[in-house]
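Subject: Handing over a structure

Dear colleague,

Please find below the sequence and the structure that I am passing on to you.

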Amino acid sequence: MYTAFQKLGYKSYHFLEVSMHNKSERHLEGWHEALTNKLDGGKPIEPAQLDKLLGKYSATTDAPCVNFTDELLKLYPNAKVILTNRDLDSWIKSLENSFFKVLEWPAWRWLSSTHPRFLIYTNTLILVLRDYSTGHWQDRAALRQGFINHYAHVREVVPKERLLEHHFGDGWEPLCEFLGKPVPDEPYPHINEGNNTHNMHMKAFWWRSIIVAGKALLWSSPAVAAGIAIWIYKSR
């Protein structure tokens, strides 16, 4: 949906905006705090804080925004909501290829120990999964039930006139009619965002690894740096 929104002229918020962009505005830290408070009994996110994070955007997709569905509906009461219906197994597979492929990779856990921002990011991924699964983030059955519960909740709280049940195979027409947008003269985008997320993590990982290995080379010896690089490669 992120790509489809972009092609329709919306400035869309995606997990990439948390991890790759908006560093100076501390979006990662803001979402980490909001999720921690939500799950661990802290202060609920304020509307002003949400608007500060999302005010320059005109559409949202993906976590962590979907983790605050009720808060977003309260802040933007006239917003239209698109519920992207997908097969439950394909959603779990997407998580396996993105979140879990990162979190269960030993080298990523090592990387998280090398820089505070990577540790916050890793913890944010876990918080998102905890919210989906009522605390049991590695439990695939709990995640499946969280998926079912989320869809049922959205259908319950969003007025039918502001809700579009969308399937990726539907193409542009129903989406554009719902949003009041002209139909683009190009095919509807079918992009595996799970794989894109994994590729983004891989790039971030190798970039940070080069920095760490470079420091090892500077302060110790080529053998130490080579040892780090070999261990990273074998742990993939």
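A disulfide is taken here to be a pair of cysteine sulfur atoms within 2.5 Å, and by this rule the count comes to 0 disulfides. Please keep in mind that this is a predicted model, in which local features need pLDDT of at least 70 and side-chain atom pairs count only at pLDDT 80 or more, while totals for chains, interfaces and linings use all residues. Residues are numbered from 1 along each chain as its sequence is written, and side-chain values use heavy atoms, with hydrogens and water left out.

Helix H6 (residues 88-103) packs with helix H8 (residues 116-132) at an angle of about 145°, their axes lying 10 Å apart; the axes are lines fitted to C-alpha atoms over the stretch in contact, and angles run from 0 to 180 degrees between N-to-C directions. On the H6 side, Trp91, Leu95, Phe99, Phe100, Val102 and Leu103 meet Thr122, Leu125, Ile126, Val128, Leu129 and Tyr132 of H8, where contact means heavy atoms within 4.5 Å. By class, this contact has 11 nonpolar, 1 polar and no charged residues (Ala, Val, Leu, Ile, Met, Phe, Trp, Tyr, Cys and Pro count as nonpolar, Asp, Glu, Lys and Arg as charged, and the others, Gly among them, as polar).

Ala34, which lies in helix H3 (residues 27-40), is buried at 3% relative accessibility, and it touches Ile45 and Phe68 when residues up to four places away in sequence are not counted. Ala34 is also 16 residues from Leu50 in sequence, and the two are 9.3 Å apart in space, C-alpha to C-alpha. Thr84, in strand E3 (residues 81-85), is likewise buried, with a relative accessible area of 19%, and, leaving aside its neighbours within four places in sequence, Thr84 is in contact with Met1, Tyr151, His166 and Phe168.

Notes
Helix = DSSP H or I, 4+ residues; strand = E, 2+ residues; numbered from the N terminus. Buried < 20%, exposed > 50% of the residue type's maximum accessible area, 1.4 Å probe, protein only.
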